[in-house]
Amino acid sequence: MNTATDAAATRVETEQKPPKKGKFGSMGGKKRGELIFLACMLALPVLQWLIFWLFVNVQSIALAFQDTRGGFTWNNFAAFWDELHATTGKTIGVAVKNTMIYFAVGVLLQLPGALVIAYFLYKRIWLNKVFRVIFYLPAIISGVVMVAAYRSIVDPGGPFEALAALFGGHLPPEGLLANSKTATLMIVLFVIWTGFGGNMLLFGGAMARVPVDVLEAARLEGCGPFRELVQIILPLIWPTICTMLIFTFTGIVNSSGPILLFTNGDYETTTINFWIFLKVYGQQGSGAGGEFGIVSATGLCFTLVTVPLILLVRWGLEKVPTPEY
Amino acid sequence: MGVLKKKKTENFSSEASILRKRSPREKVLFGFVFAIFAIYAFSLIFPFLYMFLNSLKDPYEYLLESSHLNFPEKALFSNYGKAFTEMELETSTGSVVGFPLMFLNSIWYSALCTASGVFASALTSYCVAKYRFKLRGVFYGIAIFSMTIPIIGNTGSFFKLVYQLGLYNNPLYAIVTTFGGFGFNFLVLYGFFRSLPWSYAEATFIDGGSHATVFFRVMLPQAWPALLTLCIMAFIGAWNDYMTMILYMPDYPTLASGLYVIESSLKRGDGGSYPIYYAALLIACVPIIAIFAGFSDVIMSNFTVGGLKE
């Protein structure tokens, strides 16, 4: 058998079992057994989805229109609107601005950075295996540990201050993380510093499946690394890039750094994700003072704004033709 | 067998040599990139060296130092022992939770989340990938819809439900809320199950096996590499998760959430010492680094994701 026939045979073999025609009664025990099996397999996950996804989201919409006693109100939306226009404190206005910064960093720096890193590791740069493990470390080490380490280095009295002193600089007495002008920048730097690992691994996995014959043929034609990455590898791993971009856009409103660990939202560092956490957690903790109504109203407004954007992005990305290999 | 192995090795080495071919200009570029990679790698390793160095110091020695970059006057490895005995916090009920109990909480919480989440995804992805039934398209649609359409701000509603169901501060939370079969794990396992040939199942049916036998005895063992990868990733994710524990299970602090609370009290100056805290942080990393060291090849080779189109 030639290779093409082999491939076709494998394809047929791996496709799902074709459905049997006819009514349930005439299908006999086999079909009934299959249906019982499917029901047993799917019952609990589907029930879980109905309760913890569908019901939660329906209830969330209802909460947006409810006051604390369960009566109908528009006040949650009015409160959202007021907070949206605030420019200081732990407010939605500040949160939106910061969230957009984290999102831009994710799309413009983290994804392309991870792609470039993955490319050089794929091209077997010297010590590539060691680099791959080290670069992936921030993705597996707890944020609590990474933040504690970062803080102790950049806070006053740490190595960063000693380094700044070598060049004649000095830190403000309160430190860079306790200053409204620099706190968000310092957290963004942390996010960039630790944010390549997971994406790098996914891009690396996709690149490993690229047929090397294609690269060799391109090389014979005099193709350099830049063209190789942009014109050959990028189109071949497009489905992975597309999925990553869709996930990044899906998480647009959740774009954030570890705000709780750094500043607890002080110094103008709050993000939408953290603002929601804070409102649900309550100022006293343990959810006792949770303001669910305004959280749901805010979420509903942001959902209505972002869903069309995401659908548009997804539609646009899927329009790009994907080469088969 | 030997020939096949030799052929495979030859293929691999020819692949590697193609990927390693460089023109003189490329060698300069790769040298430059290597330097950047080396600096970045050092920056990622440095915090751990820094914490290790400081974890061996006497608390007063640490306080009196300026840059904390000096070697300890005397290496106090006893700080690692003290981390187990002195690192503790008080929960809302007034009970004191020590470092060993936080460690134990991390283990059971991560294990339950991992088992529940991956198993549920295996159930749904297998059915959708291998059977044709009326709701199959709906289930696939739900999986993609749930992942790609962001529903924002449902945390309040979720918290309310968790409270109403009695899952707040309840270990069952780890199983019930993670038993969703339509997340990222679904996407990975769906692709994997689709690539498995159905002929194995047919052979099992001929031998008198049931659908359950096919799933548990034939398909699940074959999906082992993908399942193992997802289990490792889920375990690491749960081990490092601090926000869920703070929000939904505050009386069961894990290492991640507990050490956050302890650091908050250190910052407030409520007592405790940074060298012992650094020792505790490094101990908390050990299980994850051990898992990663043992399974890094599995993670690196199996962690892939394709397109979202069916």
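Entry 1. Helix pair in chain A

I take axes as lines fitted to C-alpha atoms, for helices over the stretch in contact, with angles from 0 to 180 degrees between N-to-C directions. The model I am reading is predicted. I looked up helix α12 (residues 238-250) of chain A against helix α15 (residues 292-319) of chain A, and their axes come within 10 Å and cross at roughly 170°. Angles over 145 degrees count as roughly antiparallel, so α12(A) is roughly antiparallel to α15(A).

I then listed the residues that meet. From α12(A) I noted C242(A), L245(A), I246(A), F249(A) and T250(A); from α15(A) I noted I310(A), V313(A), R314(A) and L317(A). By class I get 7 nonpolar, 1 polar and 1 charged for this contact.

Entry 2. Backbone of a loop in chain A

I checked the loop between α13 (259-262) and α14 (272-281) of chain A, where Y267(A) is found. E268(A) lies in the loop between α13 and α14 of chain A as well. Most residues other than glycine have a negative phi. For Y267(A) I read a positive phi near 55°, and for E268(A) a positive phi of about 60°.

Entry 3. Domains of chain B

I find chain B divided into domain 1 (22-86) and domain 2 (89-300). Their C-alpha centres lie 31 Å apart. I count 13 residues of domain 1 of chain B in contact with 12 residues of domain 2 of chain B. On the domain 1 side, the elements giving two or more residues are α2 (24-55), α3 (59-64) and α4 (78-86) of chain B.

Which element gives the largest share of that side? I find α4(B), with 6 residues. The domain 1 side has 7 nonpolar, 3 polar and 3 charged residues.

Entry 4. Chain B against chain A

How many residues of chain B are in contact with chain A? I get 87 residues of chain B, in contact with 89 residues of chain A. The largest share of the chain B side comes from α2(B), with 13 residues. I divided the chain B side by class into 52 nonpolar, 25 polar and 10 charged residues. I note that α2(B) is also among the elements on the domain 1 side that touches domain 2 of chain B.

Note on methods:
Residues numbered from 1 in each chain as written. Chains lettered and ligands numbered in written order. Predicted model: local features only at pLDDT ≥ 70, side-chain atom pairs only at ≥ 80, totals over all residues. Domains from an automatic or database assignment. Contact = placed C-beta atoms within 7 Å. Helix = DSSP H or I, 4+ residues; strand = E, 2+ residues; numbered from the N terminus. Nonpolar A, V, L, I, M, F, W, Y, C, P; charged D, E, K, R; others polar. Parallel < 35°, antiparallel > 145°, perpendicular 65-115°, else oblique.
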